[in-house]
Amino acid sequence: MPKPTRTAKQLHELLLQRIEAIRDLAGQVTDVHRGGVVGTGGDGEGGPNWTVPVLTDRGTHRADIARIIRDLQRQYDLED
């Protein structure tokens, strides 16, 4: 069964809502804030067809933000 689709803007807004709900991230700018959502073309095997570009040092990435992105990738595809 295909996943529901959302526009890049809608996905970006969903990500921001969930990230900004994390208390210790209030007011901090993340790669999600800077880069938004971009299409990947998908892998044709049900993998995500969108991602958030890495704009900062990978050493500063947070597992909680990565989890939010993966959860939304499992729930929604990027609208073509």
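Predicted model: local features only at pLDDT ≥ 70, side-chain atom pairs only at ≥ 80, totals over all residues.

I started with the classes of residue in the lining of the largest pocket. I got nine nonpolar, seven polar and five charged residues. Then I looked up the volume of this pocket, which is about 370 Å³. There are 21 lining residues, and the closest to the pocket's centre are Asp-31, Thr-56, His-61, Arg-62 and Ile-65.

**Which helix gives the most to the lining?** I checked, and α3 does, with five residues. Both α2 and α3 (63-75) supply at least two lining residues each.

**Asp-31.** I picked this one from the residues closest to the pocket's centre. Asp-31 belongs to helix α2, which runs over residues 31-35. Is Asp-31 buried or exposed? Its relative accessible area is 11%, and buried means under 20%, so Asp-31 counts as buried. Its side chain makes a polar contact with the side chain of Thr-56, at 3.2 Å. Leaving aside neighbours within four places in sequence, I found Asp-31 in contact with Gly-36, Val-52, Pro-53, Val-54, Leu-55, Thr-56 and His-61.

**Core.** Next I went to the largest nonpolar core, which has 16 residues. Leu-15, Val-32, Trp-50 and Ile-69 have the most contacts inside it. The elements giving two or more residues to this core are α1 (8-20) and α3. I followed up Ile-69: not counting residues up to four places away in sequence, Ile-69 touches Leu-15, Val-32, Trp-50 and Val-52.

Notes. Residues numbered from 1 in each chain as written. Heavy atoms only, no water. Helix = DSSP H or I, 4+ residues; strand = E, 2+ residues; numbered from the N terminus. Buried < 20%, exposed > 50% of the residue type's maximum accessible area, 1.4 Å probe, protein only. Polar contact = N/O pair within 3.5 Å; in protein donor to acceptor, adjacent residues only side chain to side chain. Contact = heavy atoms within 4.5 Å. 1 Å grid on protein atoms, 1.4 Å probe; cavity = no way out; pocket = protein on both sides within 12 Å on 5 of 7 lines; lining within 4 Å. Points joined across faces, edges and corners; volume = space filled by probe spheres on them. Nonpolar A, V, L, I, M, F, W, Y, C, P; charged D, E, K, R; others polar. Core = buried A, V, L, I, M, F, W, Y, C linked by side-chain atoms within 4.5 Å.
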